[in-house]
Amino acid sequence: MAESVRAPMLNARDPLPFRPERVLIAGVTGSGKTTIARRLAARWGLVHHEIDALFHGPDWTPRPEFLDDVRAFAATDRWITEWQYTSKGTDEIMTPRAQLAIWLDYPWPVVRARLLRRTLGRSILRTAMYNGNVEKPLWRLVATRDPYENILAWQTRTRSFWTERMPQKRQQFPHLTIVRLAHPRETERWLRHLP
């Protein structure tokens, strides 16, 4: 039996070998996955499905129809989303259909600073996000270190998730072309040179 050919791991200097139609964006919390997904959706004419909005119902409760919604969009031809909730079953649904993964593998100080700015801004301004949710009050960041209650603790807990898991993901999904971008400046250069 022939061994399957593994798709390449690209970097910011490598041209994309095809025009992708189904895309995943990987990265630690605060790396900018949703922002990049929106930009690429506009550029490539893809439908962006914000996976946090599908997962979180009112009061931050998980929506029971989450995986049904993921199945529905993953079955379509043109989409982009954040590569998240793999422990909830999304890998078995989205990743076999995806063609390209963009891995925002940024330095820890960059992602930490981004998450602090985002969290503080959303909390102070009481910014509405999805399904009526707003960022938790600032005192919660000080009051608990529970990663399920404190987004900064969650980021710390999961900071090496993709570094540890990407070799396994490449083995599990050999068809998937992955672009690793190591700094926001690299990402901007890569975006500028896309067709």
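**Aromatic contacts and helix packing**

The charged end of Arg180 sits over the ring of Trp103, 5.6 Å from the ring centre (CZ of Arg or NZ of Lys within 6 Å of the centre and within 35 degrees of the ring normal). The model is predicted: local features need pLDDT of at least 70, side-chain atom pairs count only at pLDDT 80 or more, and totals for chains, interfaces and linings use all residues. Residues are numbered from 1 along each chain as its sequence is written, and side-chain values use heavy atoms, without hydrogens and water.

**Rings**
- Arg159 lies over the face of Trp108, at 4.0 Å from the ring centre.
- The whole structure holds seven aromatic pairs (rings of Phe, Tyr and Trp, the last by its six-membered ring, with centres within 6.5 Å; planes under 30 degrees apart are stacked, over 60 edge-to-face, the rest tilted).
- Phe66 and Tyr85 are edge-to-face, because their ring centres are 5.4 Å apart and their planes stand at 70°.

**Burial**
- Phe66 is buried at 4% relative accessibility (buried is under 20% relative accessible area, exposed over 50%, partly exposed in between, with a 1.4 Å probe and protein chains only).
- Tyr85, at 17%, also counts as buried.

**Helices**
- Helix α1 (residues 33-44) packs with helix α9 (residues 184-192) at about 5°, the axes being 12 Å apart (helices are DSSP runs of H or I, at least four residues, numbered from the N terminus).
- This makes α1 roughly parallel to α9 (angles under 35 degrees).

Note on methods: Axes fitted to C-alpha atoms, helices over the stretch in contact; angles between N-to-C directions. Helix = DSSP H or I, 4+ residues; strand = E, 2+ residues; numbered from the N terminus. Parallel < 35°, antiparallel > 145°, perpendicular 65-115°, else oblique.
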